[in-house]
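Please keep the model open while you read this note. The points below can be checked one at a time.

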Amino acid sequence: MHTDTERCVRAVRSKDARFDGWFFTAVLTTGIYCRPSCPVVPPKAENMVFHPSAAACQQAGFRACKRCRPDTSPGSPEWNQRADAVARAMRLIADGVVDREGVTGLAARLGYSTRQVERQLLAELGAGPLALARAQRAQTARLLIETTALPMAEIAFAAGFSSVRAFNDTVREVYALTPGGLRARAPKDTSRTTPGVLSLRLPFRAPLNPDNLFGHLAATAVPGVEEWLPHSPKGVGGTPIGAYRRTLRLPYGHGVVALTPHPDHIACRLTLGDPRDLTVAISRCRRLLDLDADPVAVDEQLRADPVLAPLVDKAPGRRVPRTVDADEFAVRAVLGQQVSTAAARTHAARLVTAHGTPVDDPEGGLTHLFPSPGALAELDPETLAMPRTRRTTFTTLVRRLADGDLHLGADSDWPETRAKLLALPGFGPWTADVIAMRALGDPDAFLPTDLGIRRAARELGLPSTPAALTARAAAWRPWRAYAVQYLWATDSHPINFLPV
């Protein structure tokens, strides 16, 4: 979008927050870059240039605006709706791969040479992988500076910098302030006195309907790993709501997160065993709640269908509830085959108790990390309370995940991974598609064989056979996963309602 100057100028003049993250405005006369919705008086059109990423602005010598804080914009929805190499690279960079494995590790995961990855990112984003990772490190450093009492040297290495000098230079260059100056400007917060605890605000593009999002996560929560606590401050609509909490398996340790919806942000309270996991934890929480989606574009297309239009108008902004761990979700999808939500939770809870990693949670009732594929691959299949054919499905899946023969993650190629899933014994279209939708993040995944979808289709006058419904749903592409959320919402199942 940044190449359409006229459209970008209109967005800046109207302070349209829908375009935050789509592009960034660099002001030639001030040397500052902003998000489109920056509250200051817009500069003259001839003094504005537009860039596709914060990293491109920084690489061009611009520093972040202190009013609108463009580095905290929602991410571009492009990276969640595409499956090409650039989109996969951006998802991996957000997950901290460049910091942990370098550009060579990023390229290896994508199956390209480092030169090809550099060239593709430069062409589309105006910055290479190192510059994009550097911009992300700067944002992580800012969060740690403003929300913790950690010494600056610890923050430097936790944010991924190789030295304190590189940390100081980057912060000064990006924010035109020293690290100490950033901390002095930050509002005082009592949470900063609690070691390892961070209180953050996760932005999103409005509208966001929290009902099915948090309702789904709470209704399917696995005891010990997830919970809903109904005692948080006032949130959506000024009504008292609770927090969804869960444990996180992270590269350097584990964490616990509490997420609470508010009208203009998601309150995120993170407890981390190692602060180096902050970037990854934030990325996975945003992915879990689908916060980088563009609800206006999604709802506009779905609203064009006269059958879906009333559903969209009634509760716009539905997101797809996703996951923080693709392997975990795949295991849970198999446990949920042809059983009720309650039965699937029971099966998962047994696995957690027997094979999960214990954790301490002074603030609630979380007790374990979900078992890793390696731990599950070692269990005795005869201990599983499920039919023999499903045992085979389960053991085959966890063995392939543990061995690395099957990889599920931010860098997954959606069609290729779906084909690999369908080749596993006991994997039909429903299991493969629900994993594609919620674990891989495919916005066009569709569940025509799902009982809830077929029931909604009959009630709405849509075709109810899988083949006919799939043909009818072609008009909803590439947002069929969001259409699933609207169709599910016609039922009275607890997944559709914000818990009380």
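1. Start with Arg-69. This residue sits in the loop between strand E4 (63–64) and helix H3 (78–81). Most residues other than glycine have a negative phi. Arg-69 counts as partly exposed, because its relative accessibility is 25%. Bear in mind throughout that this is a predicted model.

2. Lys-15 is not a glycine, yet it has a positive phi of about 50°. Look for Lys-15 in the loop between helix H1 (5–13) and strand E1 (24–27). Lys-15 has a relative accessible area of 31%, so it is partly exposed.

3. Next, the peptide bonds. Most peptide bonds are trans. The bond from Ala-206 to Pro-207 is cis, with omega near 0°. Pro-207 is found in the loop between strand E5 (197–202) and H11. A cis peptide bond also joins Arg-477 and Pro-478, where omega is about 5°. Pro-478 is in the loop between H22 and H23.

4. Is helix H4 (residues 85–94) mostly covered or mostly open? Mostly covered: 9 of its 10 residues are buried. Among the buried residues are Ala-85, Val-86, Met-90, Leu-92 and Ile-93. Arg-88 and Arg-91 are on the buried list too. What covers the buried residues of H4 includes H3, helix H5 (97–110) and helix H6 (114–125). Helix H7 (129–147), helix H12 (278–288) and helix H19 (414–422) are also included in that cover.

5. Now the aromatic rings. How many aromatic pairs does the structure hold? It holds 6. One of them is formed by Phe-214 and Trp-228. This pair is edge-to-face, with 6.2 Å centre to centre and 70° between the planes. The pair links distant parts of the chain, 14 residues apart. Phe-214 is in helix H11 (residues 210–219), and Trp-228 is in strand E6 (residues 226–229). Phe-214 has a relative accessible area of 0%, so it is buried. Trp-228 counts as buried because its relative accessibility is 15%, and the cut-off for buried is under 20%.

6. Phe-446 and Trp-476 form an aromatic pair that is also edge-to-face. Here the rings are 6.0 Å apart, centre to centre, with 80° between the planes. The two residues are 30 residues apart, and the pair links distant parts of the chain. Phe-446 lies in the loop between H20 and helix H21 (451–460). Trp-476 lies in the loop between helix H22 (466–472) and helix H23 (480–488). Phe-446 is buried, at 4% relative accessible area. Trp-476 is buried as well, at 0%.

7. Turn to helix packing. Helix H15 (residues 326–335) packs against helix H20 (residues 429–440) at an angle of about 150°. Their axes are 10 Å apart. Why is this arrangement called roughly antiparallel? Because the angle is about 150°, and angles over 145 degrees count as roughly antiparallel. The crossing of H15 and H20 is right-handed. On the H15 side, Ala-326, Phe-329, Ala-330 and Ala-333 make the contact. They meet Trp-430, Thr-431, Val-434, Ile-435, Arg-438 and Ala-439 in H20. By class, the residues of this contact are 8 nonpolar, 1 polar and 1 charged.

8. H15 packs against H18 too. The angle is about 170°, and the axes are 10 Å apart. H15 and H18 are therefore roughly antiparallel to each other. In H15 the contact residues are Asp-327, Ala-330, Val-331, Val-334 and Leu-335. In H18 they are Arg-390, Thr-393, Phe-394, Leu-397, Val-398 and Leu-401. The contact of H15 with H18 has 8 nonpolar, 1 polar and 2 charged residues. Note Ala-330, which meets residues of H20 and takes part in the contact with H18.

9. Finish with Glu-378. Is Glu-378 buried or exposed? Exposed, because its relative accessible area is 70%. Glu-378 lies in the loop between helix H17 (373–377) and helix H18 (388–403). The C-alpha atoms of Glu-378 and Arg-472 are separated by 44 Å. Along the chain, these two residues are 94 residues apart.

Note on methods. Residues numbered from 1 in each chain as written. Predicted model: local features only at pLDDT ≥ 70, side-chain atom pairs only at ≥ 80, totals over all residues. Heavy atoms only, no water. Axes fitted to C-alpha atoms, helices over the stretch in contact; angles between N-to-C directions. Helix = DSSP H or I, 4+ residues; strand = E, 2+ residues; numbered from the N terminus. Parallel < 35°, antiparallel > 145°, perpendicular 65-115°, else oblique. Left-handed = near helix turned anticlockwise from the far one by under 90°. Contact = heavy atoms within 4.5 Å. Nonpolar A, V, L, I, M, F, W, Y, C, P; charged D, E, K, R; others polar. Phe/Tyr/Trp six-rings, centres within 6.5 Å; stacked < 30°, edge-to-face > 60°. Buried < 20%, exposed > 50% of the residue type's maximum accessible area, 1.4 Å probe, protein only.
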